[in-house]
Amino acid sequence: MLQKKYNVPLYVIASLLFGAKTYIVYRFIFNIQLDNIMQEIILLINPFVSAFLIFAVSVWFKEKVQMKIIKYTALIGSLILYFNLVFYRNFSDFITIPMLFQGSNAADLGTSVLALMHLPDVLLFLDLGVIWYLSKRYSGTLSAVYIKRKKILALSLSLAFLLGNYVLAEIERPQLLQRTFDREYLVKNIGIFNYHIYDIAQQSKSQAQRVFADGNELPEIEAYIEENVANQEENEMSGIAEGKNVIFISLESIQSFVINNTLNGEEVTPFLNDLIDESYYFENFYHQTEQGKTSDSEFLVETGLYPLPSGAVYFTHGQNEYNATPEILGEEGYTSAVLHSNNKSFWNRDVMYNNIGIDHYYDVDSYEVTDENKVGWGLKDKEFFEQSIKYLQALEEPYYTRFITLTNHYPFDLDEEDATIDKFDSNSKTLNQYFQTVRYTDEAVEAFFTDLKESGEYENSIIVLMGDHYGISDFHDKAMAEYLDKDEITPYDHIQLQRVPLYIHIPGEDGDVVSEIGGQIDIKPTLLNLLGIDDSEDLSFGVDLFGADRKDYVALRDGSFISDEYIYTKDQCFNRETGDLLSAETSSLLSEDDSESEVSACQPISEQVQKELSYSDQIIYGDLFRFYDFGYEEKE
């Protein structure tokens, strides 16, 4: 018979089992980049530190309660870990508190969620079965009956382990908790559960910012914008589309790597390839979205502000005051509309659209959707554009409209009869199907251009097409490397894959290929300049893409950036043209003076990027525009 004094307490067994499982998920399922042995060590110890801290709390309770606490803690922890895994498979990111409160979107996810859940995932709950079995079979022998001094010792050890973990993390990544744009760094260094606790604290802090904001923060932000952003002059494109309609097409999940590229010898996007010759095409244009994805791209385009580091602005701050493009154009006599065959409440669009001055929202109820003409998230793109023409013709001119496509949405399902290009052949079902839905959207856009010309809406309009965010996350890097004929996808390659197509098509203009860098935050001032509308009273962080005095960098939401010369991501600085990593090793080939300047080249821009992101966050969290007079009456 087992003697109690020889048994290992269940909370220790649970800590070891749960810690081991968590490490396996970190190391072999999440695509977490490890650059050195210190990062390997920290990643190994932090799951056990977190597990021991959580389960050791149970020793303060009586035996029966102790078993329940261990069981249900293991269950809740397993579910948190698994939900993050499912989320990560699609977004290569970790859940944040604002995303949890966007659960109203979950009902619309449908097949997307099912595609992210894999049968082998059940193995992640094996330790839970062991813990529950032991708690029932040996509840009397595996409970930890300690005197108060030993309970304090268990708690002290837990906190000591946690402190040791944090010290190692700070050595590896100084100012870890101050530089929090990259959630992967937090999870890698302090663990997913401590990250969630930190996230709760950060969200509480951000909610308090609006309460205590009084507008005194604005002068410093205004000065920064005046010095670094708002110093552009008129150029040859200023007013070239004055008085014209604007038709903006948001191309769901389309990345630039498919443009002018082939699969099995066939062009993936034949129409979009040809459209380059008749448009201003920006070949180094980057999406800047975060967790809000399509809604973040809308926010960038309409406001010229950055999305938030977690959650979707549309959802978390949809009632704020903004100075959005529809409001500005409304003052110039424009009618605005968004056309999107999805539920009006998804991403809180019905609230946000009304707040930023959009006159009409044609959602799924405005369309005839049947089992034959829908796929995945809603109406197929060809049907969507075809049914939208009548709404476009009914709008009072001039109008500003945005069309949001759906077919090329994860998991990229397409009926066999709609596929006109073969699937890719790799270990990634997601990438394999992606090319077929991209081709379908390409064909839908071509048909829409034909309908615009036949309906008479084409000649007096400018048409903007923009990829809204990435479609293929770095969870599929192996398959992506295979398609691009690379040995691997490096951090440099990952940033370059964040390029999305941008076309500005002006009937009667020949257009050109623009190589200068740009981002979605630049759409607002660019459009206003083309329409000949003065935006000198605006407060935003974008610049006119046709202007001579551009910012020399594009900031991504995680603190990465692309400049004219460099790419910076994950604390690494690359030569933008060659992809070479600028490090101590590579810089040794330079002269001593050049070495220092090259290695530190990314630092000044990185500091400015952090400042700019911080200012944008202050505006949103503090709802600072309620204290600012933009010089016109808001639309009711």
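This is a predicted model: local features need pLDDT of at least 70, side-chain atom pairs count only at pLDDT 80 or more; totals for chains, interfaces and linings use all residues.
Residues are numbered from 1 along each chain as its sequence is written, and side-chain values use heavy atoms, with hydrogens and water left out.

Back to T294, which sits in helix α13 (residues 294-303); helices (H or I, at least four residues) and strands (E, at least two) are DSSP runs, numbered from the N terminus. T294 has a relative accessible area of 6%, so it is buried. Buried here means under 20% relative accessible area, exposed over 50%, and partly exposed in between (1.4 Å probe, protein chains only). Leaving out residues up to four places away in sequence, T294 touches E252, R349, I404, D468 and H469, with contact meaning heavy atoms within 4.5 Å.

Next comes strand β11 (residues 461-467). Seven of its seven residues are buried, so the strand is largely enclosed by the rest of the structure. In a regular strand the side chains alternate between the two faces of the sheet. Here S461, I463, L465 and G467 point one way, while I462, V464 and M466 point the other, and all are buried. What does β11 pair with? Strand β1 (residues 245-251) runs parallel to β11, joined to it by seven bridges, and F248 stands opposite V464. Strand β12 (residues 502-505) pairs with β11 in the antiparallel sense over four bridges, with H505 as the bridge partner of I463. Pairing takes at least two DSSP bridges between two strands.

Now for the surface. V57, W60, F61, V65, I152, L155 and L159 make up a nonpolar patch with about 580 Å² of accessible area together. Patches are made of residues with over 30% relative accessible area and no salt bridge, joining like charges within 9 Å and nonpolar side chains (Val, Leu, Ile, Met, Phe, Trp, Tyr) within 5 Å. The areas come from the Shrake-Rupley method with a 1.4 Å probe, and for residues only the protein chains shown count as cover. Helix α8 (residues 148-172) gives the most to this patch, with three residues. V65 lies in helix α3 (residues 63-91) and is partly exposed at 38%.

Finally, the charges. A search of the whole structure finds 20 salt bridges, each a side-chain nitrogen of Lys or Arg within 4 Å of a carboxyl oxygen of Asp or Glu. One of them joins D623 and R210, with the closest N and O atoms 2.8 Å apart. D623 is in the segment after α24 (602-621) and R210 in helix α10 (residues 192-212), so the pair ties together parts that are 413 residues apart in sequence. D623 is buried at 2% relative accessible area, whereas R210 is partly exposed at 39%.

E443 and K382 also meet in a salt bridge (3.1 Å, N to O). E443 lies in helix α18 and K382 in helix α17, so this pair ties together parts that are 61 residues apart in sequence. Together with E266 and R439, these two residues are linked in a network of salt bridges.
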